[in-house]
Amino acid sequence: MADPRAPRIFIAEDDESILDLLVTRMRIAGYHTSQERNGYSALEAIKRAPPNACILDVNMPGMDGFTVLKRMRADPLTAHIPVLILTARRAPDDIKTAIRLGATDYLTKPFNDEQLLARVARLLRKRAEPPKVVYV
């Protein structure tokens, strides 16, 4: 079982076998995970319980990962969360789009475990401070 102080990683992936693999790898590495299989549910879950980092697929039903990312960056409650785009899309325009929308990193499928874990560790090092609430 993961340490209760372990970072929380949110995973949005519609392919059940890839989602299971990602959840397993994250938990073995000591992270807490939560996940959804479509963009709408993912965005709601991220807003409800902001994680320390997110892994987003691009091609998901309902709302794609680029739109989830764009909406996260527009919301002060989620704008600071580091995001790894994990997708089979390798086109330079897709990578540029992800970076322009505010992705912290981009990794293509298939991936190896070492790459994935190194990228997630880097996301957590780059994590920005959440916005401070000021009461007046």
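From the N terminus on, the elements of the protein follow the order β-α-β-α-β-α-β-α-β-α, which amounts to five helices and five strands, where helices (H or I, at least four residues) and strands (E, at least two) are DSSP runs numbered from the N terminus. The model is a predicted one, in which local features need pLDDT of at least 70 and side-chain atom pairs count only at pLDDT 80 or more, whereas totals for chains, interfaces and linings use all residues. Residues are numbered from 1 along each chain as its sequence is written, and side-chain values use heavy atoms, with hydrogens and water left out.

The radius of gyration of the protein is 14 Å, which agrees with the value near 14 Å that a compact globule of 136 residues would have; this radius is taken over C-alpha atoms, and the globule rule is 2.2 Å times the number of residues to the power 0.38. Along the principal axes, the C-alpha atoms fill a box of roughly 50 × 35 × 25 Å. Of the 136 residues, 43% are buried, where buried means under 20% relative accessible area, exposed over 50%, and partly exposed in between (1.4 Å probe, protein chains only). Among the contacts with a separation of 6 or more, 59% are accounted for by residues 24 or more positions apart, a contact being heavy atoms within 4.5 Å.

Helix α3, formed by residues 65-74, has as its buried residues Gly65, Phe66, Val68, Leu69 and Met72. Seen down the axis of α3, these buried residues fall within an arc of 160 degrees, so they line one face of the helix; the arc is that of the directions from the helix axis to the C-beta atoms. An α-helix has 3.6 residues a turn, so residues three or four places apart point the same way. On the other side of α3, Lys70 and Ala74 are exposed. The buried residues of α3 pack against α2 (39-48), β3 (53-56), β4 (83-87) and α4 (92-101).

Strand β4 contains Leu86, a residue that is buried, with a relative accessible area of 1%. Between Leu86 and Gly65 there are 21 residues in sequence and 9.3 Å in space, C-alpha to C-alpha. When residues up to four places away in sequence are not counted, Leu86 touches Leu22, Ile55, Leu56, Asp57, Val58, Leu107, Lys109 and Phe111.
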